[in-house]
Amino acid sequence: MTVTSDQLLAPLKQYFGFGSFRPLQEEIIRDAIEGRDVFAVLPTGGGKSLCFQLPALVRPGLTVVVSPLIALMKDQVDAMTAAGVAATFLNSSLGAGESRGRLRGLHNGEFKLLYVSPERLLMSGFLDDLKTWNVTAFAIDEAHCISEWGHDFRPDYRKISSLREIFPNVPFMALTATATVRVRADIVKQLHLHEPRCYVASFNRPNLTYRVAAKAGAYEQVLSYIRTRRGEAGIIYCLARKTTEDIARKLSEDGIKALPYHAGMDATARGKNQESFLRDGSSVVCATIAFGMGINKPNVRFVIHYDLPKNIEGYYQETGRAGRDGLPGECLMMFSPGDRVKQMRFIEDKTDAKEREIARAQLENMIHYAEVASCRREFLLGYFGEKFLGTGVESEADGRARHSVRADLGQTDDGAHGVTRPTEPVNCEGCDNCLAPRQTWDGTLASQKFLSCVYRIREKGSFGVGMNHVIEVLTGGDTEKIRKFGHQSLSTYNIGGEHMRAEWGAIGRELVRLGFLFQNTEKFGVLEITDEGLAALKSRRKITLTKPVAPTEVATHRAGEIACDEVLFETLRVLRKLLADERSVPPYIVFSDVALRQMARNYPANEREFSRISGVGEKKLREFGETFLCEIAKHLERNARQMFAEDSFGQVEPMARRSRLTETVLETLHFFRAGKSVAQISQVRGLKDGTILSHIEEAILAGEAVEVERIMDAKARKEITAELTGYRQASLTPLFEKLGGRYPFGFLRICRALMQMQRGG
């Protein structure tokens, strides 16, 4: 079956509200419709789901999507249903009655998409049903789960390959966001893909900013960081379940809506917390890695790793949950050399020696990433076999011009077995090392000592040792191994007292990154001096090292932000949540943050203009168009239209910018403008009158127009204003007493706010 571009663009706009495809989507969709097997590696937020959803609408029959998580299935089915697509899922969360109704619909051919888990898919009775449902395609989502080399291997995924024998002529599509070269090859092999068209998009996420901060009072650092991002959604990843609960509790006590999430929780409580986060009920979730795979919440603005991740694949996937909507996202990793010790304890508990060896190598790469002084983006992309050439220039795996059929799926080495050394320095303008390069120091003497120690150890016994043993020799350790090998007699024994062991570890790892040492992961991490290192040792050449990462500071860089009327954006967010709650779906099912920002930038005034907003398809135009257009019109009645530069996606500031209001203030403002009194809003929201009046005060100070005459009569306002004239005290208590307590403090604060705004703040 072949289709024209117009035949693809029509349903793209009708159901998904987009006017064009993202890189590689159209090529993948065409191959799928033509009945070819396809393997696609697209980054999180790169539009993987569309690659099997749109073909399902165009071709006849049923597309079966194999998905690993119940939450992922429900999320995608909700989104498809909201867009007007007949989709369903079958899993253990459904009651018998619900399952029967959906099975009946499948037997009647009512659905275009069916989401199932690999366990359900391979049940004998279910396979018999599949044969009668006119299945015309299989899509294997999160396909890296099928590879034993992947960071999230799941044995049940291995069994999916048996479908090939049962449905030999049905095309397969495998998709993932995270796969090294070795994992890609294993996926193709395990699924028995027939001459697949293989697409590997760039791993670069230009809207994400990567930062690493030294731990120094970690909780206070995190609290300070989140307080600068009030109202924004974020995920905090922790190593231990108890840590997730402790941080969530502390944040809640400090006024941040935070909830824990880990595999040890009761399933009902865990699901409730996840749902709250998806629906913007809580702004932060503190989680172990059990949270997030496939969670389609596009407006996560930050991801914090409270503890060191165990490998780069997991780190990349977890950071990829920020900024899925293309708007800015920040990825902050808290790092302490002591984190390595914690992870090593987990590794040593593994019974399989090969597993331990791979895990150690992966952990060392993670530490290299944390300590590297060069561009972090370059390091990440290099790990996945991609070369980054800097901003303004495509990476070697980026852009539409790259040929989509890749030949790099052979059994070649990948990032799990070594660090990719940078060639020439680049500046991504989106990581801490590029935005604020760390200070350097003359490390010649320290480097000479370290290199010399490695050399002397090899010279004495004709064998090498690992990093820890070298450090023990340098710092005069009295260990069994040192006594056994006679290393206490070396000339380099105990010559490194000027540095702590952790500092020597950082020095040694930087010498590996700089190419003076080689850490052989195939031989238990043995250190070997390279030719370059030997030449530097003999010539005593100057070696410049980099100071460790510093504690976190509040970041100001927000790459890729869409400049818009921030007050209108917040108002539309409140409206979106109200509409979503009425429908029992997450807010982003209604509209994404990108769509709201475009509305708050372009001020659409009619259905034709509204339909041009990203994500507005036919059904959403009918269902939500009038409501949002009315809200925008109301805003313009009270506020001046702001003007912006032509570049919608650059870092552009509006010509006139108002203070950003919190969600709770905007919700009060929404009810007030809907005609409710202060008392009625208090009752609806379960808050005190004084709290509602303080919200009104904040709105006035933010520049919002408020009908104050609906709150107090002209006489009260005149009397309070007269007393405020010339009043210079910060406390309003003396004024309250002078007025005989006839007016609440809220009235006094509102009148003061009005006077401040009249005086220009």
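Me: Let's start with β6: which of its residues are buried on one side, and which on the other?
Reply: In this predicted model, F172, A174 and T176 are buried on one side of β6, with M173 and L175 buried on the other. Both faces of the strand are covered, and the tally is 5 of its 5 residues buried.

Me: Why do the residues split into two sets like that?
Reply: In a regular strand the side chains alternate between the two faces of the sheet.

Me: What does β6 pair with?
Reply: β1 runs parallel to β6, and 4 bridges join them. Here F39 stands opposite A174. Strand β5 (residues 135-140) also runs parallel to β6, joined by 3 bridges, and there A174 is the bridge partner of I140.

Me: And how many strands does the sheet have?
Reply: It is an open sheet of 7 strands, in the order β3-β4-β2-β5-β6-β1-β7, with parallel pairing. β3 (87-90) and β7 are at the edges with a single partner strand each, so one side of each has no neighbour in the sheet. From one strand to the next, the twist averages 15 degrees.

Me: Who is β7's partner, and how many bridges join them?
Reply: That is β1, which runs parallel to β7 and is joined to it by 4 bridges. In β7, F39 has C198 as its bridge partner.

Me: Which helices pack on this sheet?
Reply: α3 lies across β2 (62-66), β4 (113-116), β5 and β6, running at about 155 degrees to β6. Helix α5 (residues 96-107) packs on the sheet too, touching β2, β3 and β4, and its direction makes about 130 degrees with that of β3.

Me: Switching to α2: is it mostly covered or mostly open?
Reply: Mostly covered: helix α2 (residues 25-33) has 7 of its 9 residues buried. Those are Q25, E26, I28, I29, D31, A32 and I33.

Me: What covers them?
Reply: The cover includes α1 (5-16), β1 (38-41), α3 (48-58), β6 (172-176) and β7 (197-200).

Me: What comes just after α2?
Reply: G35 is found there, with a positive phi of about 90 degrees.

Me: OK, new topic. Which residues touch the most other members of the largest nonpolar core?
Reply: L130, F138 and Y369 do, in a core of 111 residues. Helix α16 (residues 353-371) gives the most to this core, with 6 residues.

Me: What does L130 touch?
Reply: Leaving out residues up to four places away in sequence, L130 touches V64, L121, V135, F138 and F167. Another core of 32 residues lies apart from that one, and V574, L669, I681 and Y743 are among its members.

Me: How do β12 and β13 pair?
Reply: Strand β12 (residues 300-305) and strand β13 (residues 329-335) pair in the parallel sense over 4 bridges. H305 stands opposite M333 in β13.

Me: What about helices packing on each other, say α19 and α22: what's the angle?
Reply: Helix α19 (residues 444-461) and helix α22 (residues 501-513) pack at about 80 degrees, with their axes 10 Å apart. α19 and α22 are therefore roughly perpendicular to each other. A446, S447, K449, F450 and L451 of α19 make the contact with W504, I507, G508 and L511 of α22.

Me: Last one: how many helices and strands are there in the protein chain?
Reply: The protein chain has 34 helices and 17 strands. Of its 761 residues, 56% count as buried.

Methods. Residues numbered from 1 in each chain as written. Predicted model: local features only at pLDDT ≥ 70, side-chain atom pairs only at ≥ 80, totals over all residues. Heavy atoms only, no water. Core = buried A, V, L, I, M, F, W, Y, C linked by side-chain atoms within 4.5 Å. Buried < 20%, exposed > 50% of the residue type's maximum accessible area, 1.4 Å probe, protein only. Helix = DSSP H or I, 4+ residues; strand = E, 2+ residues; numbered from the N terminus. Contact = heavy atoms within 4.5 Å. Pairing = 2+ DSSP bridges. Axes fitted to C-alpha atoms, helices over the stretch in contact; angles between N-to-C directions. Parallel < 35°, antiparallel > 145°, perpendicular 65-115°, else oblique.
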